[in-house]
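Q: I'm new to this structure and would like a close look at one part of it. Could you pick a spot and walk me through what surrounds it?

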Amino acid sequence: MEQAVNRAQVTLPQMRVEAISALRALSDPEYQQQVWIDRTYSKANFYDDFTLNVNLLYDDTTVLAGPEAALGYTLASQAEVTAMEARIRCSAADRVQR
């Protein structure tokens, strides 16, 4: 049975927003080229890079360091936990193949 948490019950909603933003940045090659490489920012006083996003997902929100523990804090459902666990397995497989 899937354990679900209502998004309104997520105790760290702003961190959830940050985690989603980081995941989007890490999955968007065009954004990476524009912001991380070309350093074309969307507004003044804006900064973003690869390290910032990885640190946010592992250290700040722990959605990749411990997805199950993030349920109810920044992740809203078991499906989101499963997706983060799949991302971890994929990354581990990439490292092994190199």
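A: Let's start with Asn 53, which sits in helix 3. Keep in mind as we go that this is a predicted model. Is Asn 53 buried or exposed? Its relative accessible area is 6%, and the cut-off for buried is under 20%, so Asn 53 counts as buried.

Helix 3 covers residues 50–60, and its buried residues are Asn 53, Leu 56 and Leu 57. Look down the axis of the helix and you'll find these buried residues within an arc of 85 degrees, so they line one face of helix 3. There's a simple bit of background here: an α-helix has 3.6 residues a turn, so residues three or four places apart point the same way. And what lies over that face? The cover on the buried residues of helix 3 includes helix 1 (13–26) and helix 2 (29–37).

Now for the neighbors of Asn 53 itself. Leaving aside residues up to four places away in sequence, Asn 53 touches Ser 21, Ala 22, Ala 25, Leu 26, Trp 36 and Asp 48. Let's follow the last of those. The side chains of Asn 53 and Asp 48 are joined by a polar contact of 2.7 Å.

Where does Asp 48 sit? You'll find Asp 48 in the loop between helix 2 and helix 3.

Asp 49 caps the N-terminal end of helix 3, with a side-chain oxygen 3.4 Å from the backbone nitrogen of Thr 51. At the other end, just after helix 3, Thr 62 takes a positive phi of about 60 degrees.

There's a pocket here too. Asn 53 and Asp 48 both belong to the lining of the second largest pocket, which also includes Tyr 31, Phe 46, Leu 52 and Leu 56. The space in this pocket comes to about 180 Å³. Helix 1 and helix 3 each supply at least two lining residues, and helix 1 gives the most, with 5.

Arg 16 is buried, with a relative accessible area of 9%. A polar atom of its side chain lies 2.9 Å from the backbone oxygen of Thr 74.

Finally, let's step back to the whole chain. The protein chain has 5 helices and 0 strands, and from the N terminus on its elements run α-α-α-α-α. Of its 98 residues, 31% are buried. Among contacts with a separation of 6 or more, 49% come from residues 24 or more positions apart. The chain exposes about 6700 Å², with carbon and sulfur atoms supplying 54% of that.

Methods:
Residues numbered from 1 in each chain as written. Predicted model: local features only at pLDDT ≥ 70, side-chain atom pairs only at ≥ 80, totals over all residues. Heavy atoms only, no water. Buried < 20%, exposed > 50% of the residue type's maximum accessible area, 1.4 Å probe, protein only. Helix = DSSP H or I, 4+ residues; strand = E, 2+ residues; numbered from the N terminus. Arc of directions from axis to C-beta. Contact = heavy atoms within 4.5 Å. Polar contact = N/O pair within 3.5 Å; in protein donor to acceptor, adjacent residues only side chain to side chain. Areas by Shrake-Rupley, 256 points an atom, 1.4 Å probe, with all protein chains shown as cover. 1 Å grid on protein atoms, 1.4 Å probe; cavity = no way out; pocket = protein on both sides within 12 Å on 5 of 7 lines; lining within 4 Å. Points joined across faces, edges and corners; volume = space filled by probe spheres on them.
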